[in-house]
2 protein chains.
Amino acid sequence: MAEADPQLDTDFTKLVADLAKDGRAAQRKLAAMSSEQKAAALHAAADELRARKTAILDANAKDVASGEERGLTGAMLDRLRLDPERLEGVASAVDAVADLPDPVGEEIDRNTQPNALVMTRVRIPVGLLGIIYESRPNVTADAAALCVRAGNAVLLRGGTEAVHSNRAIHQAMVAGLESAGVPAAAVQILPTQDRAAVGAMLKAAGLIDMVIPRGGKSLVERVQNEARVPVLAHLDGLCHTYVHSAADPAKARDIAVNAKLRRTGICGAMETLLIDAQFDGAADVLAAIADKGCELRGDGRARALDSRVAPASEDDWDTEYLDAILSVKIVDGLDEAIAHIEAHGSHHTDVIVTEDDAAAQQFMAEVDSAIVMRNASSQFADGGEFGLGAEIGIATGRLHARGPVALEGLTTYKWLVHGDGQTRP
Amino acid sequence: MAEADPQLDTDFTKLVADLAKDGRAAQRKLAAMSSEQKAAALHAAADELRARKTAILDANAKDVASGEERGLTGAMLDRLRLDPERLEGVASAVDAVADLPDPVGEEIDRNTQPNALVMTRVRIPVGLLGIIYESRPNVTADAAALCVRAGNAVLLRGGTEAVHSNRAIHQAMVAGLESAGVPAAAVQILPTQDRAAVGAMLKAAGLIDMVIPRGGKSLVERVQNEARVPVLAHLDGLCHTYVHSAADPAKARDIAVNAKLRRTGICGAMETLLIDAQFDGAADVLAAIADKGCELRGDGRARALDSRVAPASEDDWDTEYLDAILSVKIVDGLDEAIAHIEAHGSHHTDVIVTEDDAAAQQFMAEVDSAIVMRNASSQFADGGEFGLGAEIGIATGRLHARGPVALEGLTTYKWLVHGDGQTRP
């Protein structure tokens, strides 16, 4: 991109400020709506997505044609493409979010002080959110639905590849929401694809309450580096599985194969396998993974177990492959495994396979990751699998929300104090 | 301050990185200690503060002498000064924090999925915190104690005026903590007063997990503007009291006088009084405040009620006086009051005085402040008054923690998943 024109920057600052002002006003109205009203509005939005099927699929066809012209890869085109079945999936997902329990209004705490003041803490929407995402057009509907369910307004900015699809989906959602009394500005989409407008969103401190980037690492890093607003983000998913000496060999094999290979491109996929030198079934585990066509890169002791293990470089321990490649290290005990994860992990999801309760307890206490599992595949790292319903993403930061983030992560709280004339001595 | 020397900046980056590395290692050991062990260590720290009374008071005398030389105001010198009684207060506060319930380890959620995976969410320490504060030396002990109670390591940076006092208090705390098995690096103090070192702290993303600035607005603004690490901060306390038409006149008078004048310099002090045009006792309320020597600045209708009310300018509605000055506006109903607070407030603490439940409910739902009170003085905005024990501060941001922040605000959580060999289909 060329250097930004300062005049343009000013214009985008004003554009974002205007959108934010409208969004915040809409949010205040949305916040006053009941759970039932918000649910009905989301069902109306889902119905409108179905009613506008032709317009949305036509818009999507434009994006796909333009993507083909520009030589997008097959995988990218596949992520971009909608068909009647996928669009029905998008609409059904909105219906499902509408039916999730509304976290807003929940009383978190209540206590009565000696002076008879009653202190309560209740969940409220965060406010106006910004969602910045890449080419999947379903995010337009998913993210908007999650925001609205928790009483938030949202300013969306999708990828340029999907611009027509996103706008058509946005129009349908807004038509449905408006028909049920939600102000149109509760869900807005940035009317320009200029990247400087994203910069203006990221700098809109005090106007946008939180930005959630959804996409690849370069997008997330840009957002984290530029943002002056709070960011809830997922950066890396360098997940480990540690097979402890007291692991059940069959569980170890099945979990390792699943964690690596069920889907290799997701953030919860295992990238490094740590095997205890005292574990007897190491060769079987490696063979099972290699037999499925996965490339293995290991240290000397791992290579001695299976001739298909290539030598690992130091970089391998720090690499999130997102592919059918696995680094393997033989470790001497729990402490070395924990130290390796601390040194090389990304605090996303790490797993111990063991039948030994004390070892599991130590691992789960000491490994400082958003999700720590015992005897389960790291591919379960997903809000739906946690019983949270749809998720807006997985957060790898430490504050506000951590791990799978669903509706509760889109709320904050306020304190309500109920008095009867108390003054402070 | 002169322009930073790039070499120096590099050195400070390394200094902070080294301190952070030691702090993080200490934090991992601290996190493995039990509640009882942490409490015992804090009691030992309190005892060491008492044992080193002479050294601490001598160090403090140096700071006071140097402050007098440099012409600090009487109020500033008073905040800086320690005496045997105040030092005992500092030690007792550490004892009190030691006895607060430990939030770490608390299970927040638990659910069992259909595949028999058990998902739990447990509170853990945030990690390594940075506390940047101004001249009160007691913060060195208070902040360190709160951090340690919740299992966090901390890097302290106090004001230059109190440098000798802070170091003496820090040495005593560390001696006590170490005697009870807490690594010394759990509580570190920046060994330089160079402001560039503060800049290095604020940019230590990934090394310092959260920074809490405690001090005046210019400090907080600087921290918020420069920080690349998450900040938990208190910015403005522009608190309103709205006297509704159905207010009890005696409660309205007592609450208004207390909210403005009990202590004028604290963040929970009322700065703007909104009186409903339909409320009968307005003149009495204004007279009671003016009789106590408070300067009043009001709109035309307020001035008509009491000749001591001077004309308010537009700026008055946006001013946090922190002094015996009050702006007064007569409003036509609840909606205008809420709109005024939305336009001019700082989302800290706002109060309605009314006997009407419906009006109270609407005000408490629609006013978007960290604390919203009914029939109570805004001066109650304090963690101790909320039953939280000691507070690290009041947060005016929207995320992670809001309002009075005590031990729970110094924790985050992780998800623990307990399986028996589950793989994801």
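## Charged and polar links between the chains

Between chain A and chain B the count is 10 salt bridges, in a model that is predicted. One of the salt bridges joins the side chains of Asp420(A) and Lys251(B), with an N to O distance of 2.7 Å. Polar contacts across the interface of chain A and chain B come to 57 residue pairs, both residues of each pair being at pLDDT 80 or more.

## Which parts of chain A take part

Several elements of chain A each supply at least two residues of the side that touches chain B, among them the helices α9 (217–226), α10 (249–261) and α14 (357–366), and the strands β2 (118–125), β13 (371–376) and β16 (411–422). The largest share of this side of chain A comes from β16(A), which gives 11 residues. By residue class, the side of chain A that touches chain B divides into 28 nonpolar, 20 polar and 20 charged residues.

## Strand pairing across the interface

The strand β16(A) also pairs with β13 (residues 371–376) of chain B, in the parallel sense and over 5 bridges. Within this region, Val417(A) stands opposite Met373(B), a residue of β13(B).

## Extent of the interface

In terms of contact, 68 residues of chain A meet 69 residues of chain B. The area buried between the two chains is about 5,600 Å², and carbon and sulfur atoms give 49% of that area. Of the area that chain A buries against chain B, 15% is supplied by Leu399(A), Trp415(A) and Arg424(A), which is more than any other three residues supply.

Terms used
Residues are numbered from 1 along each chain as its sequence is written. Chains are lettered from A and ligands numbered from 1 in the order in which they are written. This is a predicted model: local features need pLDDT of at least 70, side-chain atom pairs count only at pLDDT 80 or more; totals for chains, interfaces and linings use all residues. Side-chain values use heavy atoms; hydrogens and water are left out. Contact means heavy atoms within 4.5 Å. Buried area is the accessible area (1.4 Å probe) that two parts lose on being put together, summed over both. A salt bridge is a side-chain nitrogen of Lys or Arg within 4 Å of a carboxyl oxygen of Asp or Glu. A polar contact is a pair of N or O atoms within 3.5 Å; within protein, one must be able to donate a hydrogen and the other to accept it, and residues adjacent in sequence count only if both atoms are side-chain atoms. Helices (H or I, at least four residues) and strands (E, at least two) are DSSP runs, numbered from the N terminus. Ala, Val, Leu, Ile, Met, Phe, Trp, Tyr, Cys and Pro count as nonpolar, Asp, Glu, Lys and Arg as charged, and the others, Gly among them, as polar. Two strands pair if DSSP finds at least two bridges between them.
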